[in-house]
Amino acid sequence: MKLPHLQQALLVIAMVVFALMIINKAGGLIYQRDFAEGLNKLSSNDYLVFAGTFHGVHAITTRLHPLSHNLPALSSQPTTRPEPPSGIEVLETENFRLQCFSTLTGTKFLLFTEPQQANVETILRRIYELYADYVMKNPFYQSEMPIRCEGFDRRLVGYLRPLNSR
């Protein structure tokens, strides 16, 4: 049977990062870049609307959670701080997967990939490290403003190009 070869071919096809969007804490689009063909191109205005809409949906979903039917027991021991609500993290369709990584400062990294893309969380964390090193440490970058850092672009493309060529 040639099934293992077919499975390998499908795995090779599934390793694609289509695009990255970075949204500031106010819902403004501060970075957008395509890395591979596969998604329809949008107008600049559509990207801005998408960023604002996603920001609103993310804010609403942070407030959605199941009600706890168990009342906390009263005790004299200090309780640990609960995890902050995460909001929407993954949106998956048959054509793409949207993974959101939200920082503690409210900046959101949206990565568009093939639905079967492995290790998306790891990819997002590496992108965040590049952002921290080459954008936030750039003395000319103003926080919450559009990102125009050549060093960040070069390293980001250098990191994602090998992932897309597997």
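## Ground rules

The model is predicted, so local features need pLDDT of at least 70 and side-chain atom pairs count only at pLDDT 80 or more, while totals for chains, interfaces and linings use all residues. Residues are numbered from 1 along each chain as its sequence is written, and side-chain values use heavy atoms, with hydrogens and water left out.

## The overall fold

The protein chain has four helices and five strands. Their order along the sequence is α-β-β-α-β-β-β-α-α. Helices (H or I, at least four residues) and strands (E, at least two) are DSSP runs, numbered from the N terminus.

The chain has 166 residues, and 34% of them count as buried. Buried means under 20% relative accessible area, exposed means over 50%, and partly exposed is in between (1.4 Å probe, protein chains only). The accessible surface comes to about 11500 Å². Carbon and sulfur atoms hold 57% of that surface. Accessible areas come from the Shrake-Rupley method with a 1.4 Å probe; for residues, only the protein chains shown count as cover.

Contact means heavy atoms within 4.5 Å. Take the contacts with a separation of 6 or more: 55% of them join residues 24 or more positions apart.

## The second largest pocket

Rolling a probe the size of a water molecule over the atoms shows where empty space is left. The second largest pocket has a volume of about 250 Å³. Of its 14 lining residues, L39, N40, L42, Y47 and F112 are the closest to its centre. A pocket is an open set of points on a 1 Å grid over the protein atoms alone, where a 1.4 Å probe fits, with protein on both sides within 12 Å along at least five of seven lines; lining residues have an atom within 4 Å of a point. Grid points are joined across faces, edges and corners, and a volume is the space filled by probe spheres set on the points.

Three elements each supply at least two lining residues: β1 (17-23), β2 (29-34) and α2 (44-63). The lining divides into 10 nonpolar, two polar and two charged residues. Here Ala, Val, Leu, Ile, Met, Phe, Trp, Tyr, Cys and Pro count as nonpolar, Asp, Glu, Lys and Arg as charged, and the others, Gly among them, as polar.

## L20 in a strand

L20 sits in strand β1. L20 counts as buried because its relative accessible area is 0%. Beyond its neighbours within four places in sequence, L20 is in contact with Y31, Q32, R33, F35, L110, L111, I127 and L156. L20 and F109 are 89 residues apart along the chain, yet their C-alpha atoms are separated by 7.1 Å.

T103 is in the loop between β4 (97-102) and β5 (108-113). Its relative accessibility is 9%, so T103 counts as buried. The side chains of T103 and T105 make a polar contact of 2.9 Å. A polar contact is a pair of N or O atoms within 3.5 Å; within protein, one must be able to donate a hydrogen and the other to accept it, and residues adjacent in sequence count only if both atoms are side-chain atoms. Leaving aside neighbours within four places in sequence, T103 is in contact with F109 and Y128.

Q117 is buried, with a relative accessible area of 6%, whereas A118 is partly exposed at 33%. The side chain of Q117 reaches the backbone nitrogen of V16 at 3.0 Å. A118 and V16 are 102 residues apart in sequence and 9.7 Å apart in space, C-alpha to C-alpha. Not counting residues up to four places away in sequence, A118 touches M15 and I123.
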